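Subject: Structure for you to take over

Hello,

My notes on what was found follow it.

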Amino acid sequence: MKRNILLLLLACVAMFAQARNTIHWITFVDTTDPNVGQIDVNTEKLLYSKWIQVINSALAEKGYKADIHRYNGSQTSPENCKSIVTSLSADKDDIIVFYYVGHGARAMQDKSRYPQMLLAQTYENKCVPLEWVHRELKKKGARLTITFGMCCNSYAEVLSAKDNIAFFANKGVAYVNTDDKTNIQKLFLNNTGDIIMSSSQAGQSSWGKYIEGIGDTDYFSYNLMRVFNNYVSKSYVPDWESILTDVQTLVNNQTLADSRRSNVEQQTPIFDINVSQVTEPEPTVSDKDIDEAKKDVANSVPDSDDFNQQLTAAFDLIINPGIPRTKRRELGYTLRQYFASDAVIRVYAQDFDLVIDKDDLDGFFSRITFSEKLLKVLAVKCSFNSGGKIKDLYIREYYKR
Amino acid sequence: MKKISVKLAIAAILMLFAGSQLSAQSINLEETMKLRAAQKAALFGEYLKDIARKHDDAGKSVPLQERLYYCTKALNLFIGKGSSYYENGVERAGVMMETTSVNRATKSRRLIKNYLNGLANLRYSEVKIETTDVANIKVSDLQQIGEDTFVCTCSIYQTFVGYRDGRPIYKDITKKNIKCYIIHEEIVKDGGEREHEFIVLLGDVTASETRRG
């Protein structure tokens, strides 16, 4: 039954898909570290709710689907990093964003300005250079490739210089303003090239910070999200150079100021930008896109992050005002048969896992089919009854303003 | 029922989440629920627009059957799905909708389902309704009316234009106040784990400040 749901989702997505351009997110967050793991848990939640899903919501309107590779806990490992970085494939109009939060360091003889990532382990020969990740991802030929590393860049004598990985992988888951949405779309779709940024320069550590009302996070991630959201809310189209320069300045100034009254030290992010302006791609659907969509869903595992992504992709079509409402309603009716008749759909708050509203099946599908203001309905988790039908679904919603 | 301030009531509910991330963000919960209420009120406005209008953006006629379908779906937004419900132990016949007109001094009140059906059947050749965007909806502070029930009011402005043969023959702008219920529920999951949830439902709609457009 669950596999039938996946195949059905796939068919629905394939039938109505208007565009298959994709933004690929790869995030590695070391949530297991005894010292900073809990800070990183909070940072990951903030990244996803305040930044990643906001961007996905804005780009969904331009037909971009989100392909999320989220690694945390015990999944944060050099092996998984190498595996996803080497195996990821992207088309020419796709976007790739890599984000790492965890420990990092640099060797005394490292030529790269950028650090090596420890990825929740301490064997020096397994550390992964951030610049290697960036180079490999650039090779995929995507429209825009962005690599962020939130980690220390301080010297570690035991670490050897690397411009490549030194081991073999073991083969063995909220209101976007109309103007904000437009600026996000232009930032990602009207720029082509690559960007790499690290949270600190050579010889420096990267520091955590408690923010009132947000909790524990780090200077870099917090300022990146804050500056990004400030810039996209402006009346003019922002550029990457300005955003990253501001992040650099703020992190530097804040850590410098805080170093006078705490054990924090000065931290200065570094970046390289190599982008040029371009016109945004036309949304297209080809037979190849539909075949790939079929493969994606057929390979997804029920009750997994992949399954939730496919469900989200189906919801993208149901809420798409570019598709006639009658067709969207048909799609909703098709999906409904795979939910239990007494299924409850629970809406999480944007910023935390509290259920702020809920619907029965009819209420949910009629609401999302009808509303022209929904930007994204994100499937977060679901559970099945003994008959294999979805009985509980938790979602997050993002609205246009 | 002993009256306590809304903030204390919400804080008491949040104590149930003590130790979780929510404690650090408790000051945002009331605003989160008010925003959800505004989103639901805005969606109601979208329904009104599409129930009333007889032609879509492309000029194509929207059949009455389709608009009556929207009427039934809009009722999902309301407490008791628009039909009878209990408030403070008292049974209400259903959610009421108050309407006004610049052509009459008195207000009229009808059950919401009857109002929506009437809206779909208006005898104008075309009706255009616009309501306040969610960002501009004013939401009152929450008031506690029961152990686990809070209410607030979402105020929207509705512009109503009725056409005959392509010419506007009636226009008014009305301030509508939509009562919103925010109900806290404690759910016991399959494994015995307790979870705390909220549900937001719309209630009676009153009208004020009608003026000619």
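Chain A is divided into two domains, domain 1 (19–277) and domain 2 (287–399). Taken over C-alpha atoms, the centres of domain 1 of chain A and domain 2 of chain A are 29 Å apart. Please keep in mind that this is a predicted model.

Strands β1 and β2 of chain A

Strand β1 (residues 22–29) of chain A and strand β2(A) run parallel, joined by 8 bridges. One of the facing positions is A:Ile23, which stands opposite A:Ala66 in β2(A). Strand β2 (residues 65–72) of chain A is mostly covered, with 7 of its 8 residues buried.

Strands β14 and β15 of chain A

Here the pairing is antiparallel: 9 bridges join strand β14 (residues 374–384) of chain A to strand β15 (residues 390–399) of chain A. A:Leu374 has A:Tyr399 in β15(A) as its bridge partner. The hairpin of β14(A) and β15(A) has 5 residues between the strands, and in this hairpin A:Gly388 takes a positive phi near 80°.

Where chain B touches chain A

The contact involves 20 residues of chain B and 21 residues of chain A. On the chain B side, the elements that give two or more residues are α2 (21–24), α3 (29–52) and β10 (194–212) of chain B. Of these, α3(B) gives the most, with 8 residues. By type, the residues on the side of chain B that touches chain A are 11 nonpolar, 5 polar and 4 charged.

The largest nonpolar core

This core has 150 residues, and those with the most contacts inside it are B:Ala37, B:Ala41, B:Ile51, B:Cys154, B:Cys180 and B:Ile182. Helix α3(B) gives the most to the core, with 13 residues. Why does the core lie between domain 1 and domain 2 of chain A? Domain 1 (19–277) and domain 2 (287–399) of chain A both give residues to this core, so it lies between them.

Leaving aside neighbours within four places in sequence, B:Ile182 is in contact with B:Met33, B:Ala37, B:Leu142, B:Phe150, B:Cys152, B:Phe198 and B:Val200. In general, nonpolar side chains tend to be buried together in soluble globular proteins.

Regards

Note on methods
Residues are numbered from 1 along each chain as its sequence is written. Chains are lettered from A and ligands numbered from 1 in the order in which they are written. This is a predicted model: local features need pLDDT of at least 70, side-chain atom pairs count only at pLDDT 80 or more; totals for chains, interfaces and linings use all residues. A residue is buried if 20 or more other C-beta atoms lie within 10 Å of its own, exposed if 12 or fewer, and partly exposed in between; C-beta atoms are placed from the backbone. Helices (H or I, at least four residues) and strands (E, at least two) are DSSP runs, numbered from the N terminus. Two strands pair if DSSP finds at least two bridges between them. Two residues are in contact if their C-beta atoms, placed from the backbone, lie within 7 Å. Ala, Val, Leu, Ile, Met, Phe, Trp, Tyr, Cys and Pro count as nonpolar, Asp, Glu, Lys and Arg as charged, and the others, Gly among them, as polar. A nonpolar core is a set of buried Ala, Val, Leu, Ile, Met, Phe, Trp, Tyr and Cys residues joined through C-beta atoms within 7 Å. Domain bounds come from an automatic or database domain assignment.
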